[in-house]
Amino acid sequence: MDVLSIFKDLAIIMLFAKVFGLVARKLKAPQVVGEIVAGLLIGPSVLGFVQQNDFINVCAQIGVVILMFSAGLGTNLRDLLRTGPKALAIACAGVAVPLVGGTLLYQCFYGFSPWGSEKFLTAVFIGVIMTATSVSITVETLKELGKLKTELGTTILSAAIIDDVIGILVLTFVIGFKNPDSNPWRVGFNTIAFFAVAIVVGFVIYKAFQFVDKRYPRTHRIPILALVLCFGFSYVAEHVFGIADITGAYVAGIILCSLRDSDYIEEKLDINSYMIFGPIFFASIGLKTDVSGITWDIVLFSAAFVLVALSTKIIGCGAMSRLCGFKGKDTLKMGVGMMTRGEVALIVAQRGLSEGMISSVYFTSVILLIIVSSIATPIILKLLFGREKKSASD
């Protein structure tokens with residue numbers, strides 16, 4: 001591999017990702033959407049400035065592991081444990097209904113297959129992509145409306161966190177079944193064993209980090225050791241237990257999320273992620289997206305994919321929130337607040353591509369879902385809360 005061509009590729013990726021990320025942000029869309037579009041533009045499908053290679057693939061994989069570690073690190077474990085059964089029930093419904101909806105959607109388009117077949121697993125994986133929730137846009141909207149600290153706002157935030165944890169577990173199971181030698185009992189045992197070991201070892205590691213953090217607060221050794229933990233757990237998760245490396249990274253983040261300097265660790269890791277690995281990962285999604293393979297069938301599937309993904313979150317989370325005691329429009333607000341998708345959906349899709357479970361052409365559907373949900377969610381929430389204010393003033 002030519003080192004000079006790697007430098008050229010990195011320069012092009014980082015420049016285009018930054019420019020298009022800023023344009024996306026100006027248009028009130030997630031910055032990652034701009035970075036994906038940049039990858040699509042400079043990739044073989046359009047301009048052909050950058051070609052996929054092993055170096056970019058490795059950097060993208062490092063990027064996704066760091067992103068999942070940061071997601072775990074940003075989890076508020078106390079809020080997660082304090083929310084009780086309401087958020088858990090809503091999160092479970094927010095995973096189950098889209099999972100079933102996505103599976104049935106794929107089968108309606110491409111035919112029903114027997115349980116355990118490769119085509120059936122692809123259908124299930126389409127459902128797994130739909131389970132992810134990204135509430136960053138919802139949080140900003142609720143902040144702007146002054147509703148973030150209400151019971152509704154807190155429940156949405158907590159349910160979204162639990163939603164992603166359950167989604168990662170489902171992803172772990174589905175990838176485990178991809179192995180022809182696997183069986184439900186083995187996959188289940190490996191997953192339970194990993195989390196059991198993670199709880200015990202994680203507690204010891206947390207106490208060790210607490211000791212180091214107390215003696216050397218806000219020093220560079222803390223984020224360096226945290227990164228060691230991230231990569232170590234990623235390796236152990238996949239190599240020893242046979243589950244997704246991103247699951248190990250996410251758990252490593254949760255282990256350290258209650259540390260006093262967790263925000264400092266996140267701040268230092270974000271420098272690497274924001275400047276190098278993050279843009280490469282999101283641009284690589286665009287590079288992998290096969291525009292030439294898009295047919296009217298895929299366009300129709302993408303439209304249906306977006307509609308099913310949005311409606312199943314609203315139906316699942318909204319219906320369960322009503323059973324949990326929320327009334328009237330609050331159930332609709334709950335469903336709408338949970339329907340945004342972002343980085344986790346992309347990470348899951350990328351994982352499916354690397355495992356050979358889906359084709360790169362389906363990234364089009366995922367990207368479209370992120371764009372539509374990111375634009376629609378704040379508009380609908382503002383309309384719902386706006387009508388509430390208007391009724392109160394009348």
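Is Asp 263 buried, partly exposed or exposed?

What we have here is a predicted model, in which local features need pLDDT of at least 70 and side-chain atom pairs count only at pLDDT 80 or more, while totals for chains, interfaces and linings use all residues. Residues are numbered from 1 along each chain as its sequence is written, and side-chain values use heavy atoms, with hydrogens and water left out.

Now to the question. Asp 263 is partly exposed, at 44% relative accessible area. By that I mean the range between buried, under 20% relative accessible area, and exposed, over 50%, with a 1.4 Å probe and protein chains only. The areas themselves come from the Shrake-Rupley method with a 1.4 Å probe, and for residues only the protein chains shown count as cover.

Let's meet the partner of Asp 263. Its side chain forms a salt bridge with that of Arg 218, at 3.9 Å from N to O. A salt bridge here is a side-chain nitrogen of Lys or Arg within 4 Å of a carboxyl oxygen of Asp or Glu. Arg 218 sits in the loop between helix 9 and helix 10 and Asp 263 in helix 12, so this pair ties together parts 45 residues apart in sequence. When I say helix, I mean a DSSP run of H or I with at least four residues; strands are runs of E with at least two, and both are numbered from the N terminus.

One is Asp 261, at 3.6 Å from N to O. Asp 261 lies in the loop between helix 11 (245–256) and helix 12 (262–288), 43 residues from Arg 218. Asp 261 is buried, at 3%, whereas Arg 218 is partly exposed, at 43%.

Glu 267 also meets Arg 218 in a salt bridge, at 4.0 Å. Shared partners join Arg 218, Asp 261, Asp 263 and Glu 267 into one network. Across the whole structure, the search finds six salt bridges.

Let's stay with helix 12 for a last stop. Met 14, Ile 271, Tyr 274, Met 275 and Ile 276 make a nonpolar surface patch of about 450 Å². Patch residues have over 30% relative accessible area and no salt bridge; nonpolar side chains (Val, Leu, Ile, Met, Phe, Trp, Tyr) are joined within 5 Å, and like charges within 9 Å. Helix 12 gives the most to this patch, with four residues. Ile 276 belongs to helix 12 and is partly exposed, at 35%.
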